[in-house]
Amino acid sequence: MSNKAKLKINDSEIELNLIEGSEQEIGIDISSLRLKSNVITLDPGYKNTGSCKSSITFLDGEKGILRYRGYSIEELASKADFLEVAYLLIFGELPNKQQLEKLSNDIKERSIIDEDLRIILNSFPKSAHPMGILSSLTSGLVAFDPSAVNIDDEEDMYDAILNLLAKIPVLVAWVYRRRKGLPLEYGDTSLAYVENLAKMMFQRPNKEYVQNDTIVSALNKLLILHADHEQNCSTSTVRIVGSSYAGLFASVAAGISALWGRLHGGANQAVIEMLEEIQKDGGDTKKFMSKAKDKSDPFRLMGFGHRVYKNFDPRAKIIKVEADKVLNELGINDPILDIAKGLEKEALIDNYFIERKLYPNVDFYSGIIYKALEIPSEMFTVMFALGRLPGWVAHWREMRINKEPIGRPRQIYTGEKLRKFSEINNR
Ligand code: ACO
């Protein structure tokens with residue numbers, strides 16, 4: 001195969017290089033296009049645009065493949081724990097025992113948060129959305145660690161990364177506990193990362209905490225499945241904010257905001273809200289299936305469809321099994337979950353959904369698990385953010401190490417041509 005592409009614009013022909021990835025994905029390198037032709041490309045939503053070369057995550061939406069650093073998501077979810085996966089994503093290899101122990105200890109050392117941040121948290125109204133609080137507190141961390149802004153060497157980078165991995169779970173637990181009206185906790189450094197998270201969240205002040213292994217295992221899998229997903233909306237945001245050298249904490253805070261939206265991470269909250277709406281309306285799933293298919297109705301079936309998985313979402317397969325396990329083992333009997341099962345069954349045999357390849361995505365089932373764990377629906381996306389943290393960090397680090405240029409797309413201007421200013425009395 002030739003490694004050149006030819007583009008004909010009117011009478012002139014331009015030769016562009018082809019770039020081949022390690023999984024034989026082909027891209028046309030258009031970085032010289034404007035210089036050669038004074039023409040740019042237009043691709044709203046970036047459906048056909050590669051923004052960078054990356055060696056972190058590979059996914060094939062048609063075949064339903066997801067791999068972190070070459071390891072299949074199926075193997076990682078069944079054999080690794082979240083901290084190992086975080087190390088793998090960020091530093092490129094699975095850690096050996098000593099490396100994992102060092103990572104775990106370095107995290108524990110940094111898990112203390114300045115008490116003044118607690119004051120900032122307490123000054124948010126109780127009704128504030130947890131994603132807004134998490135994003136603000138993540139930005140707020142910079143004020144307590146100004147050295148994290150200008151990061152120039154590996155050591156500073158390691159320190160900033162470890163600070164985030166250590167502090168974000170505490171902030172997540174704090175946001176959750178404040179919403180529930182519970183006293184804030186610092187956790188237990190004798191526990192592993194996810195066990196500690198579960199304790200920080202679910203411990204009650206008036207009874208001894210007993211770990212539930214089913215819950216810890218489900219959290220571990222959920223966090224692993226969400227840990228990275230290549231150039232999605234929030235990760236692209238982290239990379240683009242970081243490309244201006246805004247610092248890791250600010251970049252991740254921006255990523256949290258991007259994840260908040262209901263077409264991205266907010267979908268898991270939207271799933272439960274949709275199920276509750278269906279229940280309030282009498283529980284007629286067929287009626288809502290028709291609404292989802294009606295082009296004059298803005299209603300969409302939340303938790304169905306995906307920008308890149310046009311076959312099935314491999315994460316959904318894994319988490320569906322976990323959701324069944326959690327529901328069975330915790331003996332949950334919730335009419336909302338029956339509605340979810342009904343919708344899933346109907347959508348899988350409905351032509352509209354089959355033709356458009358709309359399958360339940362990971363957020364359909366993650367919302368169900370979080371609901372079973374009695375986590376409030378506004379907190380679901382916060383849990384997703386904690387899972388995505390290693391991915392954001394890995395991409396930010398890769399972007400900085402590769403010295404990528406500042407992200408700054410162009411546009412095709414469609415507004416007015418030059419006009420004369422008209423004085424206010426003449427308008
Ligand atoms: N319910 C009903 N119809 C849908 C749905 C849905 N959930 N999703 C897509 N469609 C239809 C569209 O109306 C369109 O139909 P048409 O071809 O007749 O016009 C067709 O399927 C293709 O849809 P697009 O919006 O073009 O697909 P796109 O890839 O741009 O969007 C998205 C993907 C945003 C995820 C979409 O499927 C959606 O809105 N899903 C619901 C929200 C959701 O679950 N988001 C979570 C994503 S997963 C994550 O962030 C981890």
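Buried residues have under 20% relative accessible area, exposed residues over 50%, and partly exposed residues lie in between (1.4 Å probe, protein chains only). The model shown is predicted: local features need pLDDT of at least 70 and side-chain atom pairs count only at pLDDT 80 or more, while totals for chains, interfaces and linings use all residues. Residues are numbered from 1 along each chain as its sequence is written, and side-chain values use heavy atoms, with hydrogens and water left out.

View 1. A disulfide is a covalent bond between the sulfur atoms of two cysteines. With a disulfide defined as a pair of cysteine sulfur atoms within 2.5 Å, the count in the model is 0. C52 is in no disulfide, and the nearest cysteine sulfur, that of C233, is 14 Å away. C233 likewise takes part in no disulfide, its nearest cysteine sulfur being that of C52. C52 is partly exposed because its relative accessible area is 24%. C233 is also partly exposed, with a value of 46%.

View 2. Helices (H or I, at least four residues) and strands (E, at least two) are DSSP runs, numbered from the N terminus. The buried residues are V362, D363, F364, Y365, S366, G367, I368, I369, Y370 and A372. They pack against α9 (213–226), α12 (267–280), α14 (314–329), α15 (335–348) and α18 (380–401). Contact means heavy atoms within 4.5 Å.

View 3. E374 is found in the loop between α17 and α18. Its phi is near 60°, a positive value in a residue other than glycine. E374 is exposed, with a relative accessible area of 58%.

View 4. Y245 is not a glycine, yet it has a positive phi of about 65°. At 45% relative accessibility, Y245 counts as partly exposed.

**View 5. G187, between α7 and α8.** G187 lies in the loop between α7 (154–180) and α8 (193–202). Leaving aside neighbours within four places in sequence, G187 is in contact with N196 and M200. Its relative accessibility is 36%, so G187 counts as partly exposed. From G187 to T414 the C-alpha to C-alpha distance is 55 Å, and the two are 227 residues apart in sequence.

**View 6. The whole protein, for orientation.** The protein contains 18 helices and 6 strands, and its C-alpha trace spans about 80 × 65 × 55 Å along the principal axes. The radius of gyration, taken over C-alpha atoms, is compared with a globule rule of 2.2 Å times the number of residues to the power 0.38. For 427 residues a compact globule would have a value near 22 Å; the protein has 23 Å, which agrees. Of the 427 residues, 48% count as buried. Among contacts with a separation of 6 or more, 71% join residues 24 or more positions apart.
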